[in-house]
Amino acid sequence: MEDNKKELTEEQKVKIEREVEFLKQLHQAAQMGRDTLEHVNNNIGPGELRNAVEKDIFDYSDVCAQVTRKLEERDEQPKSVGKFPRMMAGMMIDMKINDETPENEVAKMIIDGTTKGVTECTSKLSTFADVDNDVKNIGYKLLWVQQKNIDEMKRFLHN
């Protein structure tokens, strides 16, 4: 890939840099969603809510894997979410969620967090509207995963 970079026009280099930046931001968003849900999963008991959260973790992991493959095609690596944001999110979850927390409260918290993710992902898709469709489609998949997560959590609000 290094030799090819020398042959690329400045415009092509900028396009690749924007795709890499978009992919790295998508990875961080999907990683944060996955890590947060894993932390929630560790704080709740068995049942339907846990099963739903585990499915969502799988979907976020799939997006992370797709992003990683795209980055590797460009000789790049994903950028992880920083330790501090992960630690803060984990502490908030530990303070608010335990085996005694009603499912509807857990679902509300997940919906709130995921709604912020939807807003950020939508903004990223707008900011990086010029990237190739195969890259942009991973952003749309993340958006779909987030929306599906919200829709799935809605069924637990009845409690």
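Mentor: Start at Met 153. Beyond its neighbours within four places in sequence, Met 153 is in contact (heavy atoms within 4.5 Å) with Leu 49, Ala 52, Val 53, Asp 56, Ala 107, Ile 110 and Ile 111. Keep in mind that this is a predicted model: local features need pLDDT of at least 70, side-chain atom pairs count only at pLDDT 80 or more, and totals for chains, interfaces and linings use all residues. Residues are numbered from 1 along each chain as its sequence is written, and side-chain values use heavy atoms, with hydrogens and water left out.

Trainee: Which residues have the most contacts inside the largest nonpolar core?

Mentor: Val 53 and Met 153. That core has 36 residues. A nonpolar core is a set of buried Ala, Val, Leu, Ile, Met, Phe, Trp, Tyr and Cys residues joined through side-chain atoms within 4.5 Å. Buried means under 20% relative accessible area, exposed over 50%, partly exposed in between (1.4 Å probe, protein chains only).

Trainee: Which elements give two or more residues to this core?

Mentor: α2 (10-43), α3, α5 (103-127) and α6 (133-154). The largest share, 9 residues, comes from α3.

Trainee: How many helices and strands in the chain?

Mentor: 6 helices and 0 strands. Both are DSSP runs numbered from the N terminus: helices are H or I, at least four residues, and strands are E, at least two.

Trainee: New topic. Is Arg 34 buried or exposed?

Mentor: Arg 34 is buried, because its relative accessible area is 18%. Arg 34 lies in helix α2. Leaving aside neighbours within four places in sequence, Arg 34 is in contact with Ile 57, Tyr 60, Ser 61 and Cys 64.

Trainee: And what about Asn 51?

Mentor: Asn 51 is partly exposed, at 44% relative accessible area. Asn 51 belongs to helix α3, residues 48-73. From Asn 51 to Phe 22 is 29 residues in sequence and 31 Å in space, C-alpha to C-alpha.

Trainee: Which residues form a nonpolar patch on the surface?

Mentor: Phe 84, Met 87, Met 88 and Met 91, with about 400 Å² of accessible area together. Such areas come from the Shrake-Rupley method with a 1.4 Å probe; for residues, only the protein chains shown count as cover. Patch residues have over 30% relative accessible area and no salt bridge (a Lys or Arg side-chain nitrogen within 4 Å of an Asp or Glu carboxyl oxygen). Like charges are joined within 9 Å, and nonpolar side chains (Val, Leu, Ile, Met, Phe, Trp, Tyr) within 5 Å.

Trainee: Where is Met 91?

Mentor: In helix α4, residues 83-96. Met 91 is partly exposed, at 41%.
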